[in-house]
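Student: I have a structure to get through before class. Can we go over it together?
Tutor: Fine, let us look at it.

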Amino acid sequence: MTIEEIQNEIIDEFSMFDDWEERYQYMIDLGKTLPLIDDAHKTDDNIIKGCQSKVWVHANMNDDKVAFTADSDAIITKGIIAILIRAFSNQHPTAIIEANTDFIDKIGLKEHLSPTRANGLVSMIKQLKMYAIAYQTQLN
Amino acid sequence: MNTTHKHIAFNVDTIRKDFPILNREVNGKPLIYFDNAATSQTPQQVIDVIVDYYSNYNANIHRGVHALSQEATDAYEQARIKIQKHFNAKHAHEIIYTSGTTHGINLVANGFSSILKKEDEIIVSALEHHSNIVPWQMLCERTGASLKVIPMNTNGELILNEFDELLNENTKLVFVNHISNALGTINPIKYIIEKAHAVNAAVLVDGAQSCPHIRPDVQALDVDFYVCSAHKICGPTGVGMLYGKEEWLKKLPPYQGGGEMIAEVSFEKTTYADLPHKFEAGTPNVCGGIAFGAALDYMNAIGFDVIASYENKLLVYATEQMLQIDDLKIYGTAKEKTSVISFNVGNIHPYDIGTILDKMGIAVRTGHHCAQPIMDFYQIPGTIRASFMFYNTKEEIDTFITALKKAVMMLS
């Protein structure tokens, strides 16, 4: 599936929820259940320091596709990471570089990607794209 | 100047009508504002003063010959006198307008850089806000002086006998906050000042968190410097004050060069203006200064005794209710504390609880509260901090407790 198709699928899933509580509960559950990153990669080098919650990101490339793993010490942040990873992981670097994150707004979680929100997510997305740019250079 | 204020009978419903912002909704719920230790809300009486200033007499002050400039200068200097009376300073020129607490601290730190020598020592407390640590570290780097720290116990109280032992003839400065922003501890500043003076050290007290709750008497305390911000005391942001004893302010060099702070200028030599203008370079925050005075008028009309007693009731009630929640731990359990509750629930990240509370219209602060050394002491990433002012209510605390339980349920 393309990034856009996955994003539309996530929007469909979230459209089933009636209110913020159900949306957040779903995100919290996603955050709890998904093993996101290998402990070996939870190093200081891979940490993105938000003011409040820590975010770790690791990337590698197989068959011209970039795979991401990530984690956070805050569970809501972790839930959003799970959604972002689902959309961006195992995609071609060019697709990742060109992808936008508007779908976060459409599923009612816009505030978490506000640059003023001190949760490390904005820096995380920047980091995902930086990895994609780096891997694309390797392909050229 | 009339300093006796007629206290109005305290009725929180009436008080709340003074604060337009308390009528708004957040995420479809009535706002419950428990982030008062970060900034307080502004009553209509102060908002009116700001509107009146810009509608009727906005002008640059001092030196102006025209009517508007005179009116603005008079109002600004009247406000300085209100601040002087409020803190019971001996002279109005001992009150220096600043942009806020941080500015005041930096002004004093900068002044001391020309006084301190290599063997000198500065003492700060373990309860300090970053703004009260970094300037002193920079000062020590510049002068070669060394920095000592008064440790705290697990209740969040300073260990005074360790402080006594840190004092010696090389101690030149002691810096301590009156009340800790992260834990709400009220520090025994009278004791600290007396002990510091016994070795001829000066004392700067950071009053950012105390001024909303108590009315310090700088002469009775015999404090050398006292700083605070207007925005924590129902005033606007971007303005504050530094109180300094006249003898100290005369001794310290100016902080910034510019207009207003000079007496005579030639290319050979500039002589500095008298106090307080020596420290007030450039066009000041005129409106802010006037509104600061209005905010003190507003608070004094209610009365700080009345405020402190009501806020203490909120603190006691909220503490009792919160401790009934499983795994809830309060950080900062000093015997003397103000209406600030810093806490965590189990292993839940403070950011997660803060996010869910916000969805329910409740504003709290989460994180390290610019006091990382305190968080390191407790070995936690941060806390959730609920802080109350006199316009908060018992009913709001009940709603907060219900919301907190719901957040914990969702996140557990």
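Student: Start with β9 of chain B. Which way do the residues of β9(B) point?
Tutor: Phe225(B), Val227(B) and Ser229(B) point one way, Tyr226(B) and Cys228(B) point the other way, and all are buried. A residue is buried if 20 or more other C-beta atoms lie within 10 Å of its own, exposed if 12 or fewer, and partly exposed in between, with C-beta atoms placed from the backbone. In a regular strand the side chains alternate between the two faces of the sheet.

Student: Where do these numbers and letters come from?
Tutor: Residues are numbered from 1 along each chain as its sequence is written, and chains are lettered from A and ligands numbered from 1 in the order in which they are written. The model is predicted, and local features need pLDDT of at least 70, side-chain atom pairs count only at pLDDT 80 or more, and totals for chains, interfaces and linings use all residues.

Student: And what counts as a helix or a strand?
Tutor: Both are DSSP runs numbered from the N terminus: helices are H or I with at least four residues, strands are E with at least two. Chain B has 14 helices and 17 strands.

Student: Back to β9(B). Which strand runs antiparallel to β9(B)?
Tutor: β10 (residues 240-244) of chain B, joined to β9 (residues 225-229) by 5 bridges. Gly244(B) in β10(B) is the bridge partner of Phe225(B). Two strands pair if DSSP finds at least two bridges between them.

Student: How many bridges join β8(B) to β9(B)?
Tutor: There are 3, and these two strands run parallel. Leu204(B) has Phe225(B) as its bridge partner in β9(B).

Student: Is β8(B) mostly covered or mostly open?
Tutor: Mostly covered: 5 of the 5 residues in β8 (residues 202-206) are buried. Ala202(B), Leu204(B) and Asp206(B) point one way, and Val203(B) and Val205(B) the other. β8(B) also pairs with β7 (residues 171-177) of chain B, in the parallel sense over 5 bridges, and there Leu173(B) stands opposite Ala202(B).

Student: What is the strand order of the sheet?
Tutor: β4-β10-β9-β8-β7-β5-β6 in chain B, an open sheet of 7 strands with mixed pairing. The edge strands, each pairing on one side only, are β4 (95-98) and β6 (146-150). On average, neighbouring strands are turned by 20 degrees against each other, direction ignored. The axes behind that angle are lines fitted to C-alpha atoms, for helices over the stretch in contact, and angles run from 0 to 180 degrees between N-to-C directions.

Student: New topic. Which domains does chain B have?
Tutor: Domain 1 covers 12-43 + 303-406, and domain 2 covers 48-300. The bounds come from an automatic or database domain assignment. Taken over C-alpha atoms, the centres of the two domains are 28 Å apart.

Student: How many residues of domain 1 of chain B are in contact with domain 2?
Tutor: 26 residues of domain 1 are in contact with 30 residues of domain 2, where contact is C-beta atoms, placed from the backbone, within 7 Å. On the domain 1 side, α11 (304-322), β14 (340-345) and α13 (372-378) of chain B each supply at least two residues. α11(B) gives the most, with 4 residues.

Student: What about chain A?
Tutor: 12 residues of chain B are in contact with 13 residues of chain A. The largest share of the chain B side, 5 residues, comes from α12(B).

Student: How many residues of α12(B) are buried?
Tutor: 9 of 10. Among them are Pro350(B), Tyr351(B) and Lys359(B). Gly361(B) follows the helix, with a positive phi near 80 degrees.

Student: Last one. Why does Ser40(B) count as buried?
Tutor: Because Ser40(B) has 25 C-beta neighbours inside 10 Å. Ser40(B) lies in the loop between β3 (32-33) and α2 (44-57) of chain B. Leaving aside neighbours within four places in sequence, its contacts include Pro212(B), His231(B) and Met389(B). The C-alpha atoms of Ser40(B) and Pro212(B) are separated by 8.4 Å, although the two residues are 172 apart along the chain.

Student: And how much of chain B is buried?
Tutor: Buried residues make up 48% of its 412 residues.

Technical notes. Contact = placed C-beta atoms within 7 Å.
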